[in-house]
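Subject: Structure handover

Hello,

Please find the structure below, with notes on what was found in it.

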Amino acid sequence: MTSAVRSFGLSLPDYPWEAMAPYLARAAGHPGGVANLSIGTPVDPTPAVIQDALRAAANAPGYPTVHGTPTLREAIAEWFDRRRGVPGLDPQNVMPTVGSKELVAWLPFLLGLKPGDVVVRPTVAYPTYDIGATFAGAEQIAADDLDELDAGTRARVRLVWVNSPANPTGSVRDIASLQHIVGQARELGAVVASDECYAELGWGEWDVQCGGTPVPSILDPQVAGGSHDGLLAVYSLSKQSNVAGYRAAFVAGDPAIMANLVNSRKHAGMIVPYPVQEAMRVALADSAHVEAQKDLYRGRRQRIVPALESFGMTIHDSKAGLYLWATAGEATWDTVGRLADRGIVVGPGVFYGDAGNGFIRVALTATDERIDAAVSRLTTGP
(Lines give C-alpha, C1' and ligand atoms only; values in the text may rest on other atoms or scores of the structure.)
Protein backbone atom coordinates (compact mmCIF):
# COMPACT_ATOMS: atom_id res chain seq x y z
CA MET A 1 0.00 0.00 0.00
CA THR A 2 1.39 3.36 -0.99
CA SER A 3 0.70 6.58 0.80
CA ALA A 4 0.32 9.88 -0.95
CA VAL A 5 2.63 12.57 0.36
CA ARG A 6 1.42 16.13 -0.09
CA SER A 7 3.40 19.28 0.38
CA PHE A 8 1.84 22.28 2.01
CA GLY A 9 2.63 25.97 2.09
CA LEU A 10 2.84 28.90 -0.27
CA SER A 11 5.40 29.11 -3.03
CA LEU A 12 6.95 32.51 -2.39
CA PRO A 13 10.42 33.88 -3.11
CA ASP A 14 12.92 33.76 -0.27
CA TYR A 15 12.78 36.78 2.00
CA PRO A 16 15.35 39.05 0.31
CA TRP A 17 17.11 40.30 3.44
CA GLU A 18 18.52 36.81 4.04
CA ALA A 19 21.02 37.59 1.25
CA MET A 20 22.60 40.21 3.51
CA ALA A 21 24.05 37.67 5.95
CA PRO A 22 27.62 37.61 4.50
CA TYR A 23 27.77 41.41 4.36
CA LEU A 24 26.58 41.70 7.95
CA ALA A 25 29.36 39.29 8.88
CA ARG A 26 31.93 41.40 7.02
CA ALA A 27 30.73 44.57 8.71
CA ALA A 28 30.77 42.88 12.11
CA GLY A 29 34.53 42.49 11.77
CA HIS A 30 35.07 46.25 11.97
CA PRO A 31 36.82 47.17 15.23
CA GLY A 32 34.36 50.00 15.84
CA GLY A 33 31.33 47.75 15.47
CA VAL A 34 28.56 47.77 12.88
CA ALA A 35 26.84 50.95 11.73
CA ASN A 36 23.64 49.40 10.42
CA LEU A 37 21.94 51.81 8.02
CA SER A 38 20.05 49.12 6.14
CA ILE A 39 16.64 48.54 7.70
CA GLY A 40 14.16 51.30 8.44
CA THR A 41 13.18 50.29 11.95
CA PRO A 42 12.97 53.14 14.47
CA VAL A 43 15.59 53.10 17.23
CA ASP A 44 14.58 56.12 19.30
CA PRO A 45 12.27 55.71 22.32
CA THR A 46 8.51 55.58 21.92
CA PRO A 47 7.27 58.96 23.24
CA ALA A 48 6.12 58.86 26.86
CA VAL A 49 2.67 60.22 25.99
CA ILE A 50 2.06 57.14 23.82
CA GLN A 51 3.48 54.67 26.35
CA ASP A 52 1.26 56.21 29.02
CA ALA A 53 -1.82 55.80 26.80
CA LEU A 54 -0.99 52.15 26.16
CA ARG A 55 -0.60 51.46 29.88
CA ALA A 56 -3.80 53.30 30.74
CA ALA A 57 -5.75 51.04 28.35
CA ALA A 58 -4.11 47.79 29.48
CA ASN A 59 -7.24 46.53 31.25
CA ALA A 60 -8.96 45.24 28.10
CA PRO A 61 -10.75 41.95 28.82
CA GLY A 62 -13.21 42.15 25.93
CA TYR A 63 -12.73 41.83 22.20
CA PRO A 64 -11.87 45.10 20.44
CA THR A 65 -13.75 46.29 17.40
CA VAL A 66 -12.38 45.65 13.90
CA HIS A 67 -13.70 48.98 12.65
CA GLY A 68 -11.96 50.83 15.47
CA THR A 69 -13.47 52.72 18.37
CA PRO A 70 -15.51 55.79 17.39
CA THR A 71 -13.04 58.03 19.23
CA LEU A 72 -10.09 56.57 17.31
CA ARG A 73 -11.83 56.98 13.97
CA GLU A 74 -12.73 60.56 14.86
CA ALA A 75 -9.08 61.21 15.78
CA ILE A 76 -7.94 59.81 12.43
CA ALA A 77 -10.45 61.98 10.55
CA GLU A 78 -9.33 65.06 12.50
CA TRP A 79 -5.67 64.21 11.77
CA PHE A 80 -6.40 63.96 8.04
CA ASP A 81 -7.88 67.45 8.19
CA ARG A 82 -5.13 69.01 10.32
CA ARG A 83 -2.04 67.30 8.91
CA ARG A 84 -2.98 66.03 5.44
CA GLY A 85 -5.29 68.66 3.98
CA VAL A 86 -8.30 66.32 3.81
CA PRO A 87 -11.29 68.04 5.47
CA GLY A 88 -14.64 66.43 6.18
CA LEU A 89 -13.52 62.79 6.13
CA ASP A 90 -16.37 60.65 7.49
CA PRO A 91 -15.08 58.56 10.44
CA GLN A 92 -17.24 55.73 9.09
CA ASN A 93 -14.79 55.45 6.19
CA VAL A 94 -11.75 54.84 8.38
CA MET A 95 -10.34 51.63 9.88
CA PRO A 96 -7.22 50.77 11.93
CA THR A 97 -4.97 47.99 10.62
CA VAL A 98 -2.32 45.74 12.17
CA GLY A 99 0.50 47.84 10.77
CA SER A 100 0.44 48.92 7.13
CA LYS A 101 2.42 45.97 5.76
CA GLU A 102 -0.38 43.48 6.42
CA LEU A 103 -2.82 45.70 4.57
CA VAL A 104 -0.43 46.09 1.63
CA ALA A 105 -0.03 42.32 1.50
CA TRP A 106 -3.71 41.44 1.80
CA LEU A 107 -5.47 44.31 0.01
CA PRO A 108 -5.59 42.71 -3.47
CA PHE A 109 -7.15 39.57 -1.96
CA LEU A 110 -9.60 41.60 0.15
CA LEU A 111 -10.60 43.60 -2.94
CA GLY A 112 -11.53 40.33 -4.63
CA LEU A 113 -8.84 40.38 -7.29
CA LYS A 114 -8.35 37.11 -9.16
CA PRO A 115 -6.14 35.51 -11.84
CA GLY A 116 -6.10 37.69 -14.94
CA ASP A 117 -6.41 40.92 -12.97
CA VAL A 118 -3.42 43.28 -12.90
CA VAL A 119 -1.86 45.10 -9.94
CA VAL A 120 0.39 48.01 -10.94
CA ARG A 121 3.14 49.11 -8.57
CA PRO A 122 5.98 51.64 -8.92
CA THR A 123 9.02 50.65 -10.99
CA VAL A 124 11.25 50.79 -7.91
CA ALA A 125 9.18 49.61 -4.98
CA TYR A 126 8.73 47.90 -1.66
CA PRO A 127 8.48 44.16 -2.53
CA THR A 128 5.28 43.55 -0.54
CA TYR A 129 3.19 45.10 -3.34
CA ASP A 130 4.16 42.14 -5.52
CA ILE A 131 3.56 39.65 -2.71
CA GLY A 132 0.03 41.01 -2.30
CA ALA A 133 -0.71 40.40 -5.96
CA THR A 134 0.67 36.88 -5.60
CA PHE A 135 -1.62 36.13 -2.64
CA ALA A 136 -4.61 37.06 -4.82
CA GLY A 137 -3.35 35.15 -7.85
CA ALA A 138 -3.22 38.40 -9.81
CA GLU A 139 -0.47 39.62 -12.14
CA GLN A 140 1.93 42.31 -10.94
CA ILE A 141 3.27 44.93 -13.34
CA ALA A 142 5.92 47.58 -12.61
CA ALA A 143 5.05 50.98 -14.08
CA ASP A 144 5.03 54.59 -12.93
CA ASP A 145 2.35 55.68 -15.42
CA LEU A 146 -0.47 53.61 -16.91
CA ASP A 147 0.44 55.00 -20.33
CA GLU A 148 3.47 52.68 -20.17
CA LEU A 149 1.13 49.66 -20.51
CA ASP A 150 -0.20 48.18 -23.74
CA ALA A 151 -3.95 48.38 -24.29
CA GLY A 152 -4.63 44.74 -23.38
CA THR A 153 -2.74 44.95 -20.08
CA ARG A 154 -4.18 48.32 -19.22
CA ALA A 155 -7.74 46.99 -19.64
CA ARG A 156 -7.04 44.37 -16.95
CA VAL A 157 -5.73 46.80 -14.32
CA ARG A 158 -7.79 46.59 -11.13
CA LEU A 159 -5.45 48.09 -8.52
CA VAL A 160 -2.78 50.78 -8.79
CA TRP A 161 -0.35 51.29 -5.93
CA VAL A 162 1.02 54.76 -5.37
CA ASN A 163 3.83 55.20 -2.86
CA SER A 164 4.51 58.84 -2.10
CA PRO A 165 6.84 59.58 -0.42
CA ALA A 166 8.39 56.46 -1.88
CA ASN A 167 10.34 53.67 -0.26
CA PRO A 168 13.19 53.35 -1.21
CA THR A 169 13.69 56.32 -3.54
CA GLY A 170 12.23 59.15 -1.46
CA SER A 171 10.45 60.55 -4.51
CA VAL A 172 7.27 62.61 -4.01
CA ARG A 173 4.27 62.89 -6.32
CA ASP A 174 2.89 66.43 -6.51
CA ILE A 175 -0.77 67.35 -6.92
CA ALA A 176 -0.64 67.23 -10.72
CA SER A 177 1.01 63.80 -10.76
CA LEU A 178 -1.57 62.37 -8.37
CA GLN A 179 -4.43 63.92 -10.35
CA HIS A 180 -3.05 62.27 -13.49
CA ILE A 181 -2.89 58.76 -12.06
CA VAL A 182 -6.29 59.08 -10.39
CA GLY A 183 -7.81 60.13 -13.71
CA GLN A 184 -6.18 57.18 -15.50
CA ALA A 185 -7.42 54.68 -12.92
CA ARG A 186 -10.94 56.04 -12.83
CA GLU A 187 -11.21 55.68 -16.61
CA LEU A 188 -10.48 51.98 -16.12
CA GLY A 189 -12.61 51.51 -13.02
CA ALA A 190 -9.49 50.60 -11.03
CA VAL A 191 -8.72 51.35 -7.38
CA VAL A 192 -5.81 53.62 -6.45
CA ALA A 193 -4.27 52.72 -3.10
CA SER A 194 -1.76 55.28 -1.86
CA ASP A 195 0.86 54.20 0.67
CA GLU A 196 1.64 57.49 2.42
CA CYS A 197 3.41 56.42 5.62
CA TYR A 198 6.38 58.81 5.19
CA ALA A 199 4.24 61.89 4.51
CA GLU A 200 5.30 63.72 7.69
CA LEU A 201 8.98 63.34 6.77
CA GLY A 202 9.42 65.76 3.87
CA TRP A 203 12.77 67.47 3.23
CA GLY A 204 13.76 70.57 1.27
CA GLU A 205 10.76 71.82 -0.69
CA TRP A 206 8.54 69.32 1.19
CA ASP A 207 9.77 70.18 4.70
CA VAL A 208 6.80 71.96 6.29
CA GLN A 209 8.72 72.92 9.43
CA CYS A 210 11.25 74.77 7.25
CA GLY A 211 8.70 76.58 5.10
CA GLY A 212 8.07 73.81 2.57
CA THR A 213 4.85 72.45 1.07
CA PRO A 214 3.04 69.50 2.70
CA VAL A 215 3.30 66.20 0.84
CA PRO A 216 -0.17 65.77 -0.75
CA SER A 217 -2.51 62.88 0.02
CA ILE A 218 -4.50 60.92 -2.55
CA LEU A 219 -7.61 62.04 -0.60
CA ASP A 220 -6.75 65.74 -0.92
CA PRO A 221 -9.73 67.53 -2.56
CA GLN A 222 -7.39 68.91 -5.24
CA VAL A 223 -6.53 65.33 -6.19
CA ALA A 224 -9.77 63.47 -5.53
CA GLY A 225 -12.18 66.13 -6.76
CA GLY A 226 -15.55 65.88 -5.05
CA SER A 227 -15.35 62.16 -4.31
CA HIS A 228 -13.14 59.51 -2.70
CA ASP A 229 -14.62 56.85 -4.98
CA GLY A 230 -11.96 54.35 -5.99
CA LEU A 231 -9.36 55.85 -3.64
CA LEU A 232 -7.71 54.51 -0.50
CA ALA A 233 -5.04 56.16 1.65
CA VAL A 234 -2.85 53.94 3.84
CA TYR A 235 -0.86 55.36 6.74
CA SER A 236 1.35 54.04 9.54
CA LEU A 237 2.44 55.59 12.82
CA SER A 238 5.57 53.39 12.95
CA LYS A 239 7.92 55.99 11.53
CA GLN A 240 6.53 59.30 12.78
CA SER A 241 5.86 58.08 16.33
CA ASN A 242 8.42 55.28 16.89
CA VAL A 243 5.72 52.65 17.42
CA ALA A 244 6.73 50.00 14.88
CA GLY A 245 6.40 47.46 17.71
CA TYR A 246 2.76 48.46 18.28
CA ARG A 247 1.67 47.65 14.68
CA ALA A 248 -0.39 50.81 14.46
CA ALA A 249 -1.75 51.95 11.11
CA PHE A 250 -4.99 52.74 9.30
CA VAL A 251 -6.72 52.99 5.94
CA ALA A 252 -9.37 55.45 4.77
CA GLY A 253 -11.25 56.36 1.62
CA ASP A 254 -13.95 55.02 -0.70
CA PRO A 255 -17.12 54.45 1.41
CA ALA A 256 -18.25 51.29 -0.39
CA ILE A 257 -14.80 49.70 -0.37
CA MET A 258 -14.24 50.59 3.28
CA ALA A 259 -17.54 49.00 4.33
CA ASN A 260 -16.60 45.82 2.49
CA LEU A 261 -13.09 45.77 4.01
CA VAL A 262 -14.53 46.15 7.51
CA ASN A 263 -16.94 43.27 6.94
CA SER A 264 -14.26 40.98 5.46
CA ARG A 265 -11.82 41.72 8.26
CA LYS A 266 -14.53 40.95 10.84
CA HIS A 267 -14.84 37.48 9.34
CA ALA A 268 -11.05 37.03 9.38
CA GLY A 269 -10.46 38.47 12.86
CA MET A 270 -8.03 41.13 11.63
CA ILE A 271 -8.23 43.32 14.73
CA VAL A 272 -5.97 45.96 16.24
CA PRO A 273 -5.76 45.41 20.04
CA TYR A 274 -7.71 47.94 22.09
CA PRO A 275 -4.66 49.28 24.00
CA VAL A 276 -2.97 49.97 20.66
CA GLN A 277 -6.09 51.71 19.38
CA GLU A 278 -5.98 53.99 22.41
CA ALA A 279 -2.27 54.66 21.94
CA MET A 280 -2.96 55.57 18.30
CA ARG A 281 -5.73 57.96 19.33
CA VAL A 282 -3.42 59.81 21.69
CA ALA A 283 -0.47 59.79 19.27
CA LEU A 284 -2.53 61.32 16.45
CA ALA A 285 -3.61 64.21 18.67
CA ASP A 286 -0.04 65.13 19.61
CA SER A 287 2.07 66.83 16.93
CA ALA A 288 4.92 67.84 19.24
CA HIS A 289 6.51 64.39 19.42
CA VAL A 290 6.26 64.00 15.62
CA GLU A 291 8.13 67.24 15.00
CA ALA A 292 10.72 66.47 17.68
CA GLN A 293 11.46 63.12 16.06
CA LYS A 294 11.65 64.73 12.65
CA ASP A 295 14.25 67.16 14.00
CA LEU A 296 16.41 64.15 14.95
CA TYR A 297 16.10 62.66 11.49
CA ARG A 298 16.79 66.00 9.83
CA GLY A 299 20.04 66.33 11.78
CA ARG A 300 21.12 62.80 10.90
CA ARG A 301 20.32 63.40 7.26
CA GLN A 302 22.29 66.64 7.18
CA ARG A 303 25.35 64.82 8.50
CA ILE A 304 25.24 61.67 6.40
CA VAL A 305 24.48 63.23 2.99
CA PRO A 306 27.82 65.09 2.58
CA ALA A 307 29.67 62.08 3.98
CA LEU A 308 28.15 59.79 1.35
CA GLU A 309 28.97 62.32 -1.36
CA SER A 310 32.58 62.48 -0.18
CA PHE A 311 32.70 58.69 -0.55
CA GLY A 312 31.76 59.08 -4.23
CA MET A 313 28.00 58.54 -3.96
CA THR A 314 25.40 60.51 -5.91
CA ILE A 315 22.07 61.02 -4.14
CA HIS A 316 18.95 60.64 -6.30
CA ASP A 317 15.44 61.80 -5.34
CA SER A 318 15.46 61.37 -1.52
CA LYS A 319 13.08 64.30 -1.12
CA ALA A 320 11.18 62.72 1.77
CA GLY A 321 11.17 59.71 4.04
CA LEU A 322 13.80 57.93 6.08
CA TYR A 323 16.12 56.82 3.29
CA LEU A 324 18.74 58.10 0.89
CA TRP A 325 18.74 56.54 -2.60
CA ALA A 326 22.31 56.62 -3.81
CA THR A 327 24.65 55.21 -6.44
CA ALA A 328 28.39 55.01 -6.93
CA GLY A 329 27.99 54.14 -10.61
CA GLU A 330 28.77 50.47 -10.03
CA ALA A 331 26.87 47.24 -9.38
CA THR A 332 24.82 47.30 -6.19
CA TRP A 333 26.65 44.45 -4.47
CA ASP A 334 30.04 46.05 -5.14
CA THR A 335 28.94 49.15 -3.23
CA VAL A 336 27.38 47.05 -0.47
CA GLY A 337 30.66 45.15 -0.09
CA ARG A 338 32.88 48.25 -0.02
CA LEU A 339 30.72 49.78 2.68
CA ALA A 340 30.63 46.53 4.67
CA ASP A 341 34.42 46.63 4.75
CA ARG A 342 34.04 49.94 6.61
CA GLY A 343 31.58 48.39 9.03
CA ILE A 344 28.58 50.07 7.35
CA VAL A 345 25.53 48.03 6.31
CA VAL A 346 23.12 49.43 3.70
CA GLY A 347 20.12 48.13 1.78
CA PRO A 348 20.76 46.75 -1.72
CA GLY A 349 18.78 48.55 -4.41
CA VAL A 350 18.17 45.25 -6.22
CA PHE A 351 15.74 44.28 -3.45
CA TYR A 352 13.32 46.87 -4.88
CA GLY A 353 13.13 45.69 -8.50
CA ASP A 354 15.38 45.46 -11.53
CA ALA A 355 15.46 49.25 -11.84
CA GLY A 356 17.19 49.39 -8.45
CA ASN A 357 20.40 47.76 -9.73
CA GLY A 358 23.36 50.04 -9.12
CA PHE A 359 21.69 51.76 -6.16
CA ILE A 360 21.77 51.40 -2.40
CA ARG A 361 19.28 52.52 0.22
CA VAL A 362 20.76 54.24 3.27
CA ALA A 363 18.45 54.48 6.30
CA LEU A 364 18.45 57.36 8.76
CA THR A 365 17.13 55.02 11.44
CA ALA A 366 20.28 54.64 13.50
CA THR A 367 21.30 56.36 16.69
CA ASP A 368 23.21 59.62 16.50
CA GLU A 369 26.29 57.76 17.72
CA ARG A 370 26.08 55.17 14.90
CA ILE A 371 25.34 57.85 12.29
CA ASP A 372 28.42 59.75 13.44
CA ALA A 373 30.49 56.55 13.32
CA ALA A 374 29.39 56.03 9.71
CA VAL A 375 30.19 59.65 8.84
CA SER A 376 33.70 59.25 10.25
CA ARG A 377 34.33 56.05 8.30
CA LEU A 378 33.02 57.53 5.05
CA THR A 379 35.08 60.70 5.30
CA THR A 380 38.33 59.62 6.93
CA GLY A 381 38.65 55.97 5.94
CA PRO A 382 38.01 52.58 7.54
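**Salt bridges**

D207 is buried, with a relative accessibility of 3% (buried means under 20% relative accessible area, exposed over 50%, partly exposed in between, with a 1.4 Å probe and protein chains only). This is a predicted model, in which local features need pLDDT of at least 70 and side-chain atom pairs count only at pLDDT 80 or more, while totals for chains, interfaces and linings use all residues. Residues are numbered from 1 along each chain as its sequence is written, and side-chain values use heavy atoms, with hydrogens and water left out.

D207 forms a salt bridge with R298, with 2.9 Å between the closest N and O atoms (a salt bridge is a side-chain nitrogen of Lys or Arg within 4 Å of a carboxyl oxygen of Asp or Glu). Helices (H or I, at least four residues) and strands (E, at least two) are DSSP runs, numbered from the N terminus. R298 is also buried, at a relative accessible area of 12%.

The structure holds 22 salt bridges. Another of them joins E291 to R83, with the closest N and O atoms 3.4 Å apart. This pair links distant parts of the chain, E291 in helix 12 (residues 288-310) and R83 in helix 3, 208 residues apart. E291 is partly exposed, with a relative accessible area of 30%.

R82 and E78 also meet in a salt bridge, at 3.0 Å from N to O. These two residues are four apart in helix 3, and therefore about one helical turn separates them. R82 is partly exposed at 33% relative accessible area, as is E78 at 40%. Elsewhere, a network of salt bridges links D44, R300, R303, D368 and D372.

**Cores**

The largest nonpolar core has 48 residues, of which F80, I218, L237 and F250 touch the most other members. A nonpolar core is a set of buried Ala, Val, Leu, Ile, Met, Phe, Trp, Tyr and Cys residues joined through side-chain atoms within 4.5 Å. Elements that give two or more residues to this core include helix 3 (70-84), strand 5 (157-163), strand 8 (248-253) and helix 11 (274-285). Apart from this core lies another, of 41 residues, among them M20, Y198, Y323 and V362.

Setting aside neighbours within four places in sequence, L237 is in contact with N242, V243, A248, F250, M280, A283 and L284 (contact means heavy atoms within 4.5 Å).

**Helix 11 and its partners**

The axes of helix 2 (residues 48-56) and helix 11 come within 8 Å and cross at roughly 145 degrees. Axes are lines fitted to C-alpha atoms, for helices over the stretch in contact, and angles run from 0 to 180 degrees between N-to-C directions. Helix 2 contributes V49, I50, A53 and L54 to the contact, and helix 11 contributes P275, V276, E278, A279, V282 and A283.

T71 is located in helix 3 and is partly exposed, with a relative accessible area of 41%. Leaving aside neighbours within four places in sequence, T71 is in contact with E278 and R281.

Regards
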